Structures are given as structure tokens and as C-alpha cells.
Amino acid sequence: MLPKGEKIPTSLADYEAFIRNEYNHLNDAAQAINLLNDVYKSPSTLSYISLTSINYNWMGNEDRIIQNNSDEQAYYYSYAAISYWNLMINNVPNATDATDAEKLELIAQAKVLRAMNYFHLTNYYAEQYDEATAATKLSVPLITSADMGATSEQVSIAKMYEFILTDLTDAIPNLPIESATVLHPNLACGYAMLARVYLQMGDYTNALLYAQNALDQNSQLFNWKEYYAENQEQIEKENDWSTSYPSKTMTSPENYIFRYGSSSYKNSGQSGTNAALTLSRAAQFEEGDARFASKWKKKYQAPDSIYYGIRSDKFNAGGITTPEMYYIKAECLARKGGQANLDEAMLSLNTVRKTRIFDADYIDLAATSTEEAIAYIRKEKANEYVQTAIPFWDAKRFNKDVNYAQTLTKIFNNQSLELAPDSHLWVMPFPMGATSNPGNGTLTQNTPR
């Protein structure tokens, strides 16, 4: 018997409602953001051992598995959403009140959403894709049924990526040019997700192809310089850190698809607010960055000076937007080498920067080597997508490349701390609830602690 108020979906509209429900669009990345120190944490938060303090201060000897004893959003919300996408994929063929074309479109959209969830999960809880080891390293449980007793198999990283790519390529022919809402995947979203996946795999030829395909569908950029000018009086008001600024996120022309990140509207008091930054993280932004100036404002919050988040709207931290495609295009061109490709790569990067950097501070960036170009691209992309999973995914990619791997360093309580590219901390532990009760399957941790 269904709970009171629930109904068995039968019509196309019943199934389509699952996509319209914002609760099904959450890609939590809180611990990845903590690991990169892309958010300010108060000394009191870091004064005791917890999953947050271990990741934030790179305490590799502590056991995160024991600390991860709660229903972590990254795992449970993702699989809850996957159950809906599975339900749609398996049952929409029999939906009523629909044409065959409408059914194919909705199934395609569910496949894109399922691929997005599995991509997020595998890049959170498993090692970075490496062609040499992907067939033997474990990913996450693969579930394709919505039935309560459905079996699951913790497949290899290679098999998971194959599954994700199959879902996306199967979906492409039936995705609409324009979708019903920003929560519904359209053709541009499908191309953009393929670009993201191929980039993570190190397939720069296909990543470039699909990034350009996505940009051919939508290449619009939001102008942060204009936004700042429109809100300059309030932003620059002394001792004012109010957050009542016009929302632009769900209506932004940049959106391929909207999804929440770790600051979901579900969390009371965190309705998409840009969390605070440390002074050191804020210093990584380029001088004259209107995007930064529109989102954060310096404040003393005892015992630290921080950059306080001054926007409170629905933050597209888990979706896909056009700047990502410009950055993917730029990186893939830079990796081709040759001055012509480097110039085109920097043109793609500068196209975004021109909508972000105040005119008085703007200078075109130029590069004469692949390494120089990628350094510019990586920094700008990390700033664009700070407090999302994207810089974490990129860091995992670069950690596998001797030319770009970086050891992160900082000082905390007068101690020098570092995070090495080969640290096990780059793989998040499954929640204890999941490993102790994996359902109709088995679940093995992909990290020792």
C-alpha cells in the first residue's frame, strides 16, 4: 500500500514531475570543497576530530571511515535520485497520455540525469580514471532498477564510465533543443556532459568536440561587470553584509542545466548562499574580478578576517554552465600544442574573462607554451567554480599528470600542513550506513581511511 497522498505514476505527466521536483537535483560536494579549502571554517569547527576537520586540515592518519557515520548527502541523495531516473527509464515506455516521441524524450532526459549522478558518485568515492587501472579499480554500486529488492554491483571504474557514456550517447538523438525547465536536460546539456566526462578520462579530442557542440547550442555568458554596476551602491556600503541581491542563477543565460550543490535550499539558512572564503583563498582571484566582488565582502568575524558571502540565491553548484565549456575547449586546444592552438585556447579563456574582469584591470592573457596556458585556464576555472565539485575533479585529473600535479600547502596553528597528489584523502569514504547495509549487494571501501 502506498503512503497517504502518494500515487502510482502512470501518465507521462506523472513521471515528468520527478524532474520538476527540485529535491531530486542535489549533487553534494561538501567534503571535496573542504579538502580544497575552498570555504572558510572557524577555529571552533576545526578544534576537534571530525570528517570536516580531517579533510580540511589534511589529517591523513585519522580514520575518516569511522567519522563518516551519518547519512552523508553526497551518497544518499544521489542514489535516491537515481532510483527515480531508473523508474522513469524502465516504465515510461508504458506511460499513458503520451506520444512515442514524448516518451523517448523523457527517457533521454532521465538517462542524462542518471549519468550526471553516477559521474558525481564515482569521482567522489573512487580513484581518478586511469586507463591503465580503470578495469581493476572499483567504482560505486551500479543500480539500474527502481525495485526495492534490486541487486547492485560495485563495478569497476572502467565499467562505470562505459555505462555513463552509453547513457549519454543513447540520449543525444532524443534530447530537445529547448527543454521545459532549467531542470530538464536539453541537447546542449547532453553535449556538455559528454565533454565533462571525456575531459575527466583524458580524451581531449572528444572533450573538445562535445564542448564545441555544446557551445554551438548555447555560448551565452553572464556579464558580472554589469551586475556589479547595477548593485554597486549596496555592495560597497560600509559595514553592510546583507544578502538581498537580485537572483540570477536559475534564469542565467549560462545554464545548460541547474542542480544544487552542497549549499542546497534544503539546508536551513543556507539557501544557496556563497559560503565565506579565507583571505588566502580570496587572494587567488584576479585583481579586478567583478564576479568575486559581487559575491564576497571582507568582514571581521572573530577571531578571523574573512570574505563573507553576500549573495543568497539558488546557486547552480551542481549543474553545468557555459563557462565550463569555454574552459574545456581552451584546455583541449592548449594540449594540442603549437602557437595557433595556444592562441585559440587563450581566446576561449579571454572570452569568459572579458565578462568577469573590470575594464580598468583587464588585459588579454597570452601563452607561449601548453604549460603556461593550462596554468591560466586551471586557475580561472577554479575561481569560476569555487565551492563546487569541479575544482576537485580537475585536481584529481591533474594529480595523475607529472607535469601538473601539485602538493597543496598551508600553515595552521603554526604547523606546516600539506596534501600530496597521491594522498588517499582524494577519495572520499562511503558512509558507514552504506557499507554496513549495502542492500542486495556488497560495498567495499575505495580508501584505506
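Okay, so a nonpolar core here means a set of buried Ala, Val, Leu, Ile, Met, Phe, Trp, Tyr and Cys residues joined through side-chain atoms within 4.5 Å. Keep that in mind, and keep in mind too that this is a predicted model.

Let's start with confidence. The chain averages a pLDDT of 94, and 96% of the residues score at least 70. One stretch to flag is residues 263-271, where the pLDDT is below 50. That stretch still has 18 contacts in the model, beyond near neighbours in sequence.

Now the cores. The largest one has 112 residues. Which of them touch the most other members? Those are Met88, Tyr118, Tyr125, Tyr256, Ile320, Met325 and Phe392. Helix 6, residues 100-125, gives the most to this core, with 13 residues. Apart from it there's another core, of 9 residues, and Trp224, Tyr227, Tyr228 and Ile235 are among them.

Let me zoom in on Phe392. Leaving out residues up to four places away in sequence, Phe392 touches Ala32, Leu35, Leu36, Asn123, Tyr124, Trp426 and Met428.

Helix 9, residues 204-217, packs with helix 14, residues 322-336, at an angle of about 145 degrees, and their axes are 9 Å apart. The crossing is left-handed. On the helix 9 side, the residues meeting helix 14 include Tyr204, Leu208 and Leu215. On the helix 14 side you've got, among them, Met325, Tyr326, Lys329 and Arg335. And what's in that contact by class? There are 11 nonpolar, 2 polar and 4 charged residues. Met325, by the way, is also on that list from the largest core.

Methods:
Residues are numbered from 1 along each chain as its sequence is written. This is a predicted model: local features need pLDDT of at least 70, side-chain atom pairs count only at pLDDT 80 or more; totals for chains, interfaces and linings use all residues. Side-chain values use heavy atoms; hydrogens and water are left out. Buried means under 20% relative accessible area, exposed over 50%, partly exposed in between (1.4 Å probe, protein chains only). Helices (H or I, at least four residues) and strands (E, at least two) are DSSP runs, numbered from the N terminus. Contact means heavy atoms within 4.5 Å. Axes are lines fitted to C-alpha atoms, for helices over the stretch in contact, and angles run from 0 to 180 degrees between N-to-C directions. A crossing is left-handed if the near helix is turned anticlockwise from the far one by less than a right angle, and right-handed if clockwise. Ala, Val, Leu, Ile, Met, Phe, Trp, Tyr, Cys and Pro count as nonpolar, Asp, Glu, Lys and Arg as charged, and the others, Gly among them, as polar. pLDDT is the predictor's confidence in each residue, from 0 to 100.
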